[in-house]
Amino acid sequence: MQRGAIAEIDLAAIAGNFREIKKITNNKKVIAVVKADAYGHGSEAVAKRLVESGADFLSVAFCDEAKALRLAGIKAPIIVLFDPDPKDVLDYNLIPVVSDKKVALSLSTEAEKRRRVLSVHIKIDTGMGRLGIIQNTAEDVVSIASMKGLIIDGLMSHFSDADAGDLTFAKLQISRFKDLIKTLAEKNLNPPIYHMANSAAVISLSESYFNAVRPGLLLYGASPFELSDINFSSIISRFTQAMSIKTRLVALRKVPAGTPISYGRTFVTKRESLIGVMSIGYADGYCRLFSNNAEVLVRGGRIPVVGKVCMDLTMIDLTDIKHLATETDEVIIMGRQGDEFISANELAKRANTISYEILTSLGRFAQKRYLN
Ligand SMILES: *Cc1c(COP(=O)(O)O)cnc(C)c1O
């Protein structure tokens, strides 16, 4: 028997979310972010579906991820965000993001050596404080533009908090980016593509669209905003969460009142109880912060997690379930069953984290099944 956790990935939902982004942005080019194994959804299947749906570019964090997509037969342009390895980008026909002159020079040298012209995008740090040119920006871009073997096909920047209630800083970042674009245009440097908008900005900042957007999370149908942030709830409701996590019970036990459940005896039954033992634990990415602090769906009802989450197992209290549970019942950890829905954002809130971490953690170890 295998581990129980299954990630069901609805590729039609991802395609639908992609179309929704096209609609919202009025048909801007979409750079579909499929880093971290497509946020835990499986990058090969997801990337194929996104390319079929019309994604103009794919984007990953490291060259290895791009290499895997190339080996899977994906020919779409791939932007590599954080790994401008000259050998890999030329071997696999990738578009590196250039964050400084030194990197540009090493790419230029390798491109020249191979008598190739390499398309690159340049990253500007307008306030994220992570990567990108941060000082003498225009001068550096001009100097990179003069390097042999390189062609600047894009200029990009990244938001630090487009998901915040207060968008003042995000707007400052946009104005810095616009100023640079203007300065470069005066020097006759007009790269064809400018991109800045992540998922939050796609929803909250239309002035950040330029001519391409770069969403990840929204493609997977989770919200980049806090659960309580109702400002954008109607627009967010047009997206469909693509990942569901299901598991099964390894045991269903009737236990007497006063029975401690799991490590540390943090939950003790107050009455005779029906306890389900689920095949999922923190080794499956089901975080320990869900101990006594999450619900799952069984037979269409919300059922509480009781006691500490273990490495491979977690207990739930089925005593109050309306229709008697059996050992073969499906348990929904995240996703829909009947009228109930557990979102990645709900789990994120309970674990004091963001939906990104929930998706990548739960998606990573689960056996994947794709729905078309
Ligand atoms: C991850 C990432 C994105 C996508 O962000 P989302 O919030 O998932 O839309 C875009 N750009 C860069 C540079 C990233 O690292």
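## Terms and basis of the model

Rings of Phe, Tyr and Trp (for Trp, its six-membered ring) are taken as an aromatic pair if their centres lie within 6.5 Å, and a pair is called stacked when the planes are under 30 degrees apart, edge-to-face when they are over 60 degrees apart, and tilted for the rest. This structure is a predicted model, in which local features need pLDDT of at least 70 and side-chain atom pairs count only at pLDDT 80 or more, while totals for chains, interfaces and linings use all residues. Residues are numbered from 1 along each chain as its sequence is written, and side-chain values use heavy atoms, with hydrogens and water left out.

## Overall build

The protein contains twelve helices and 19 strands, where helices (H or I, at least four residues) and strands (E, at least two) are DSSP runs numbered from the N terminus. Its C-alpha trace spans about 80 × 40 × 35 Å along the principal axes. Of its 372 residues, 55% count as buried, a word that stands for under 20% relative accessible area, with exposed meaning over 50% and partly exposed in between (1.4 Å probe, protein chains only).

Contact here means heavy atoms within 4.5 Å, and among the contacts between residues at least 6 apart in sequence, 66% join residues at least 24 apart. The protein exposes about 16700 Å², of which carbon and sulfur atoms supply 50%; accessible areas come from the Shrake-Rupley method with a 1.4 Å probe, and for residues only the protein chains shown count as cover.

## Aromatic pairs

By the ring rule, the count comes to six aromatic pairs. One of them joins Tyr-39 and Tyr-220, which are stacked at 4.8 Å centre to centre with 25° between the planes. Tyr-39 lies in helix 2 (residues 35-40) and Tyr-220 in the loop between strand 9 (212-213) and helix 10 (233-236), so this pair ties together parts that are 181 residues apart in sequence. Tyr-39 counts as buried at 7% relative accessibility, and Tyr-220 is also buried, with a relative accessible area of 0%.

Phe-225 and Phe-232 form another stacked pair, again with 4.8 Å centre to centre and 25° between the planes, and Phe-225 is buried with a relative accessible area of 4%. Tyr-39 and Tyr-220, for their part, belong with Tyr-356 to one aromatic cluster.

Helix 6 (residues 101-113) has 13 residues, which at 1.5 Å a residue should span 18 Å, and its end C-alpha atoms are 18 Å apart, which agrees; the expected span is 1.5 Å times one less than the number of residues. Its buried residues are Val-103, Ala-104, Leu-107, Ser-108, Glu-110 and Ala-111, and what covers them includes helix 5 (86-91), strand 5 (95-98), strand 6 (118-124), helix 7 (137-145) and strand 7 (150-157).

Within helix 7 lies Thr-137, which is buried with a relative accessible area of 16%. Leaving aside neighbours within four places in sequence, Thr-137 is in contact with Ile-124 and Leu-180.

## Residues with positive phi

Most residues other than glycine have a negative phi. Asn-292, however, has a phi near 55°, a positive value in a residue other than glycine; Asn-292 lies in the loop between strand 13 (273-278) and strand 14 (295-298) and counts as partly exposed at 34% relative accessibility.

Arg-299 has a positive phi of about 50° although it is not a glycine. The place of Arg-299 is the loop between strand 14 and strand 15 (301-306), where Arg-299 is partly exposed, with a relative accessible area of 38%.
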